[in-house]
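This predicted model is read here through questions and answers. Please look at the fold before reading on.

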Amino acid sequence: LLVDEKGQKNLFDSRVLVERTLVRDAALRATHKDIQNLRKALEANYNAIDDSTEFYRTDIEFHRALYCVGDNPIFSAVHEAYTSWLKPHWISTPHSSARNEANYNAHETIMNAILDRNPDAAETALEAHLNASWDGSEFKP
């Protein structure tokens, strides 16, 4: 699955499916602690916009916080697997402060939907973010 673009895309598509469910769940039942973890990760993500290596690390942490809502170690392990499997795609994509800022803005939109306790908006924002991140469409005029 990791050898070619099609296999990586299949993995990515499964990640989208999993994360759509996770953000819906987070919007419905994230605890105060979960929200604090998401806010902390989002703030670190914002502070790293101008450093793509650090931004990648904080991007992973923001998504990890989503996988940790509900404190189920299975989801944490799944997140680690996706991070490892999909790293080659990230390495091959262009990096810039503008791209990082667009991804941060998408994370903020997801966070706001979770704070609003709106699972439909959280799912829509997450799906748009991941799909745009995959193909870079948020940077096309």
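Q: How do the residues lining the largest pocket divide into nonpolar, polar and charged?
A: In this predicted model, a pocket is an open set of 1 Å grid points where a 1.4 Å probe fits, with protein on both sides within 12 Å along at least five of seven lines, and lining residues have an atom within 4 Å of a point. The lining includes Ala41, Ala44, Ala65 and Cys68, together with Asn37 and Thr58, and also Asp34, Lys40, Arg57, Glu61 and Arg64. With Ala and Cys counted as nonpolar and Asp, Glu, Lys and Arg as charged, the lining divides into four nonpolar, two polar and five charged.

Q: Which element gives the largest share of the lining of that pocket?
A: The chain has six helices (DSSP H or I runs of at least four residues) and zero strands. Both α2 and α3 supply at least two lining residues, and the largest share, six residues, comes from α3.

Q: Which residues touch the most other members of the largest nonpolar core?
A: Such a core joins buried nonpolar residues (under 20% relative accessible area) through side-chain atoms within 4.5 Å. Residues are numbered from 1 along each chain, and side-chain values use heavy atoms. Local features need pLDDT of at least 70, and side-chain atom pairs 80 or more. Two or more core residues come from each of α1 (5–29), α2 (32–47), α3 (52–68), α4 (73–92), α5 (97–115) and α6 (119–135), with α1 giving the most, seven residues. Among the 32 core residues, those touching the most other members are Leu38, Phe62, Ile110 and Ile114.

Notes:
Buried means under 20% relative accessible area, exposed over 50%, partly exposed in between (1.4 Å probe, protein chains only).
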